Amino acid sequence: MTVFEDTLYFRTDQSYYDGALDWSDNTIRWIDLNTGKTGDLPFIRQNQNIAFFAVYEGLAVIRYSTPDVTDTIMLYTDEDPAFNGKNIAQLSGTEREQLGQDTTQTVLQNPCTLVNISHRTRDRNTAYLDMDGDGITEEIILEPSQDPENMAYRDETDPLSYFRLQVGNAKMENWGENLSNTLWAVSLDGQSILLVLYEDGPSADPYTRFYRYQNDQIIEAGGFADDIRLCGISPEGIITSAIRQDVVQTDWITVRWQFGENGMLEEIPQDLYEFQNPNWVNLSEDLPLHVSIGSTETFVIPSSQSLRFLQTSADWCWVLAETADGQQGWVHVEHFEVMDLGKNVMEVFEGLNMAE
């Protein structure tokens, strides 16, 4: 069993009846936990025995035991109501327009809140939204690329490895790795709207992309290496994320972003960045700590002490360390060399976290 977006998915026998002595796992049934409505997930190979399945990021991964093969498909349910009890494909033009206006108001009236606007059908994710504020709803479509050149390189285990994004009449194609089959929208000022896509990367390497729609064009407004769902958004529209940085060791640092006057995402410069996982390490030898960045005044921490790293300077050359007894000072580091000792960090600290 697994839960995704308030829906429970589980394996069962499509033709099972009460009192049957045996059964086969040949379908995936879903139950909407809010309404109690239920149905079966349609997929490519009907009536095949399912050995394993997972539902995440708007995708379904299904491994069959007969035959031994795995499918990854864009998640969809034919019964999902979108508006007036109808699914997204059944809506009239008037209903699509009303759905788009209602969704637009939800986004604008909840500024700095990520809103899932997805409506999933087979091989397509559709939404309706007034992206440019002209009072007219745009149809938004996320689907696999149909370009023959791109399809030649399509990864069958990653349906959106080459994807097409359409807003109104504007279209763009791009490449992504483990792109989520989810369309999000957010307004940071209660007036304009950003479209948001997220990808998990080749090995849990998160990346968030932002798009604007202006003058009948899709404009990629920037992105950062974090999952937008894990980020904080202040009432002023400042996004706080974490990105990986190698200084003394591999760690995550807190970074703040904003959209500039040109509508593009930009990092807010900081003099100091905070490490998010200050783990304790041991000293292999006595270590001089500077009383401030660039200061020639130092004091020595004996090798019997343990310490952790709290902050780094913007040029990644100074790291604030704190000892177990509460002393704080700055380590001068360049290219993984502790400058005061002329030694690599691996020779000075034991227990460093190093990631490739």
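**Pockets and a paired strand in the predicted model**

Twenty residues, counted as 20 in the lining, surround the largest pocket, and those lying nearest its centre are Glu5, Thr7, Asp80, Ser118 and Arg120. The structure described here is a predicted model. The volume of this largest pocket comes to about 450 Å³. Two strands, E2 (7-12) and E3 (27-32), each contribute at least two residues to the lining of the largest pocket. By residue class, that lining is made up of eight nonpolar, seven polar and five charged residues.

The second largest pocket has a volume of about 260 Å³. Its lining consists of 14 residues, and Ile44, Thr72, Ile73, Arg154 and Glu156 are the ones nearest the centre of this second largest pocket. Here the lining residues fall into six nonpolar, three polar and five charged.

Turning to the strands, E24 (residues 287-290) is covered on both faces. Leu287 and Leu289 are buried on one side of E24, while Pro288 and His290 are buried on the other. Strand E24 pairs with strand E25 (residues 298-301) in the antiparallel sense, over four bridges. Within this pairing, Phe299 of E25 stands opposite Leu289, one of the buried residues of E24.

As for confidence, the mean pLDDT of the protein is 93, and 100% of the residues score at least 70.

How values were computed
Residues numbered from 1 in each chain as written. Predicted model: local features only at pLDDT ≥ 70, side-chain atom pairs only at ≥ 80, totals over all residues. Heavy atoms only, no water. Buried < 20%, exposed > 50% of the residue type's maximum accessible area, 1.4 Å probe, protein only. Pairing = 2+ DSSP bridges. pLDDT = per-residue confidence, 0-100. 1 Å grid on protein atoms, 1.4 Å probe; cavity = no way out; pocket = protein on both sides within 12 Å on 5 of 7 lines; lining within 4 Å. Points joined across faces, edges and corners; volume = space filled by probe spheres on them. Nonpolar A, V, L, I, M, F, W, Y, C, P; charged D, E, K, R; others polar.
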